[in-house]
Amino acid sequence: MEHLRGFIFCICFFILAAMSGSVEASKQFKVGDHIGWQQPGANNTEVYTQWATSKRFHVGDSLSFEYQNDSVLVVEKWDYYHCNINKPISSFDDGNTVINLDRPGLFYFISGVPDHCKKSQKLMIQVMGLHQRAESSPGIPNTPEVGLAPGPHPSSSGIVVTVTLTSVFLALILTVVTMV
């Protein structure tokens, strides 16, 4: 009888784990893939925009910048659009920089070498939070219709459904365990 109760409990636990959603591992993205972080050629000024288009960034992921004789600046929106290298949030020049994406929202990166940013060595990404769907957002860079990774979409309906299903399933488990 105890074996049956333990078996039923294990089955219920695995079903509950499957219902609560999948866990996705964090990813590290090499910025620019094979070209790394460098000033784009005159015929390839959209390289970082195109690179970001093919990626989906989530909280917990990280960006790896690999470069030589250059730097990476994390900047505010205004500094990104105006290629202002004078007030970075963070500055790196070690040749192999890893930036952790620790919050949802927009992140802005530019080269710290004068004129590289003006020649399109800059990157803007939008990081999606947990339980957020990919949707296009008109007028906001970093969404599918503009060519970058989609942004966050605040919604609590998924949480409510999960809590409700979990509560019902836990009640079912308790009923079955007490009957056995």
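Visitor: Which element of the chain has the lowest mean pLDDT, and which the highest?
Guide: Happy to start there, bearing in mind that this is a predicted model. The chain averages a pLDDT of 77, and 59% of the residues score at least 70. Among its elements, strand S4 (residues 72-75) has the highest mean, 98. The lowest mean, 52, belongs to helix H1 (residues 2-19).

Visitor: Over residues 14-22, how many contacts beyond four places in sequence does the model have?
Guide: In this stretch the pLDDT stays under 50. Where pLDDT is low, the predicted coordinates should not be read in detail. With that caution, the number of such contacts for residues 14-22 is six.

Visitor: And what about residues 136-164, how many contacts beyond near neighbours in sequence are there?
Guide: Here, too, some care is welcome, as the pLDDT over residues 136-164 is below 50. The count of those contacts in the model is 63.

Visitor: Which residue of S6 stands opposite Ser62?
Guide: Strand S3 (residues 62-66) and S6 run antiparallel, joined by five bridges. S6 (residues 96-100) has a covered face made of Thr97 and Ile99. Its uncovered face holds Asn96, Val98 and Asn100. The residue opposite Ser62 is Asn100.

Visitor: Is Cys83 buried or exposed?
Guide: Cys83 lies in the loop between helix H3 (77-82) and strand S5 (90-92), and has a positive phi of about 50° although it is not a glycine. Its relative accessible area is 16%. Buried means under 20%, so Cys83 is buried.

Visitor: What is the phi of Ser120?
Guide: Look in the loop between strand S7 (105-111) and strand S8 (122-128) to find Ser120. This residue is not a glycine, yet its phi is positive, at about 80°.

Note on methods:
Residues are numbered from 1 along each chain as its sequence is written. This is a predicted model: local features need pLDDT of at least 70, side-chain atom pairs count only at pLDDT 80 or more; totals for chains, interfaces and linings use all residues. Side-chain values use heavy atoms; hydrogens and water are left out. Helices (H or I, at least four residues) and strands (E, at least two) are DSSP runs, numbered from the N terminus. Buried means under 20% relative accessible area, exposed over 50%, partly exposed in between (1.4 Å probe, protein chains only). pLDDT is the predictor's confidence in each residue, from 0 to 100. Contact means heavy atoms within 4.5 Å. Two strands pair if DSSP finds at least two bridges between them.
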